[in-house]
Amino acid sequence: MAKSPETEHPQRAFGWAARDPSGVLSPFNFSRRENGDEDVTIKIHFCGICHSDLHSIKNEWGIARYPIVPGHEIVGIVTKSGTNVSKFKEGDRVGVGVMVGSCRSCDYCNQQLENYCPKMTFTYGSIDRDGTPTYGGYSDIIVVDQHFVVRFPDSMPFDAGAPLLCAGVTVYSPMKYYGMADEPAGKHLGVVGLGGLGHVAVKIGKAFGLKVTVISHSPGKEGEAVGRLGADGFLVSSDPLQIKAASGSMDYIIDTVSAVHALTPLLALLKTNGKLITLGLPDKPLELPIAPLVLGRKLVGGSDIGGMKETQEMLDFCAKHNITADVEVIPMDQVNVAMARLAKSDVRYRFVIDVANYLSK
Amino acid sequence: MVANQPEKENPVPAFGLAARDQSGVLSPFNFSRRATGEKDVKFKVIYCGICHSDLHMIKNEWGTSTYPLVPGHEIVGEVTEVGSQVEKFKVGDRVGVGCIVGSCRSCDNCSNSIENYCPKMILTYAGTYHDGTVTYGGYSDVMVCDEHFVVRVPDALPLDAAAPLLCAGITLYSPLRYYGLDKPGIHLGIVGLGGLGHVGVKFAKAMGAKVTVISTSPAKKQEAIERHGADSFLVSRDQEQMKAAMGTLDGIIDTVSAVHPIMPLIGLLKTHGKLVLVGAPEKPLELPVFPLLMGRKIVGGSCIGGMKETQEMLDFAAKHNITADIEVISADYVNTAMQRLEKGDVKYRFVIDVAKTMQA
């Protein structure tokens, strides 16, 4: 007889899970494995709400396995570390992002690109090596192989730093890979979408030394973009005159929009040899006009989170430059309200669940 | 207002073949070339390749054609006169002109030797020159061109088989270099085995790649492997073959200009793979985003190449014995050639024997 989530593993755990594509989250008793030799057990303090959590709980990608405990922007304190663990000890401030496992032997794993390992295990929604489902950070504890845990910089606040574990590395990795940190002086980055990913991209872009323009369909976001986040400029994407005036002015564009949207105006903003990096995961294909690519030697590229070494590097970079996310902290029992607001982009710019405080009540 | 009269516009009489209207039928055309300026090179045209773009343009398929239109941008010949400030060429030199005859010479792109991406780039035909006159291409007996846009054809290359390199050759060579697909040992796919594709196979093999030709026509397999040296062949409509080849290619150069699905091509790429399009389908293509993200892949474009790179490409071709596979035709065969080209009935480029067969 199959074991239930509660009896699958020896350590009791509690969290909030979605049971079906309605996406409604509710209390869920389950269990975590015993802390192995390579593992650390983490008491979770905060967990960021990523837009992917919303896509997952509503089965928008069609691959959901319920019940789903979302959450892959996890920060907490180590309560136990296995006998082979030298990097972490009890009391350390740590983080866990989007992955909790990979094959550790393929070319990608050997190059610290665990995120491109064909056998990568997601923090939630995957099947772990022992055949059990992985459950994420909307929960009280998590047990993770030390390789997939990062040290949280002392100077970085837990709540505002948590979203960096997904949003942060998701923009940092392609910005490095596609050359945005190489000779940034005089180079111009466009950031499409001012949400969880976009607002962090603005901060990191400025820290790299780039000129940054935010491109958004909401004119109302200009004050925030320029006044608070430090962007150099703001374009309304649906205004053809503004787009035309800025045509051929950008070296790079980071496109964080996950809904289906037009690429033609964005490609027009790029200079010759410009790069449009798309990070959102729409549920349908996008339309790609080819003439602008050919006539301007432009490219569209993708990227998927980042490897473990890079995630640590990103956290240290952000700590050095005082970069955190702009967050709205909520108690766990408000998570459904937060999801409904997230669906309407009504958040500046990431919800973070105060797990420890909620559970202590 | 006196309309421009092609014969009287300029002092040097010229003769060529022009399309008069969208029927695309080419017929004898008397016109004129400018006097050789200080920086100009004048040359007798010996051969001119027929590029598929010529077919699109004579029929105004891109909506940019003006008539009369003298096509031809794979032009080779022998220098007959040079201007007083010309340094690179002298009378008797074997030279070539490709797709562009002018640019602004001062923007970032021109300064970086990528004149092909200059916003004021002047096309060899159906363009407007600095003096306001229409540019006429290489289906003609004489060309006058600014030396910056003239390349030397190495002695080791036969003129007729080298002509197509001036467009087809550079169109493949440039992206192989720019996108880093020129490293020995990489596995490269080439989609389409026509004028562009067959030259692409040769360049890629010379750069040390393992080459797979991807085509809708199973009939092309034998030629691809035995004649052009490809290592393998994939029939793109064969789902099983395509599935078995998933995740095996470091890069793909896609030469197909008809609308076609790119999702299966993205699937053929390894993680970090690159799909580069050099043909421009007239409608947008569907871009599946998941595979792009999950494999950190890119889809990019490329369009001919700059002048410095065009010379480099010719020198590389000479060193590695790369020329196009051609069918040489007489000037009066050109309309038949266009009909055959439309049906893909050529192995693999027509080249007009201008010097011997094009006379007023």
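**Reading the interface of chains A and B**

Modeller: Chain B and chain A bury about 3,000 Å² between them, with 67% of that area on carbon and sulfur atoms. This is a predicted model.

Biologist: Which residues of chain B lose the most area to chain A?

Modeller: Tyr178(B), Leu293(B) and Arg296(B) do, and together they account for 24% of what the side of chain B buries. In terms of contacts, 33 residues of chain B meet 34 residues of chain A.

Biologist: Which elements give two or more residues to the side of chain B that touches chain A?

Modeller: They are helix H4 (168–178), S14, strand S15 (285–287), helix H9 (289–294) and S16 of chain B. H9(B) supplies the largest share, five residues.

Biologist: Where does S14(B) sit among its neighbouring strands?

Modeller: S14(B) (residues 269–277) runs parallel to S13(B) (residues 249–254), joined by five bridges. The path from S13(B) to S14(B) goes through helix H8(B) (residues 263–268), a right-handed β-α-β crossover. S14(B) also pairs in the parallel sense with S16(B) (residues 298–301), over four bridges. Leu275(B) is the bridge partner of Ile252(B) and stands opposite Val299(B) in S16(B).

Biologist: What does UniProt place at residues 24–352 of chain B?

Modeller: An unreviewed entry gives "domain: Enoyl reductase (ER)" there. That span is 26% helix and 27% strand, and its end C-alpha atoms lie 17 Å apart. In chain A, the UniProt annotation "domain: Enoyl reductase (ER)", also from an unreviewed entry, covers residues 23–353.

Definitions and conventions. Residues are numbered from 1 along each chain as its sequence is written. Chains are lettered from A and ligands numbered from 1 in the order in which they are written. This is a predicted model: local features need pLDDT of at least 70, side-chain atom pairs count only at pLDDT 80 or more; totals for chains, interfaces and linings use all residues. Side-chain values use heavy atoms; hydrogens and water are left out. Two strands pair if DSSP finds at least two bridges between them. A crossover is right-handed if, with the strands pointing away from the viewer, the path from the first strand over the helix to the second runs clockwise. UniProt positions are given in the numbering used here, feature names are shortened, and annotations may be inferred rather than shown by experiment. Contact means heavy atoms within 4.5 Å. Buried area is the accessible area (1.4 Å probe) that two parts lose on being put together, summed over both.
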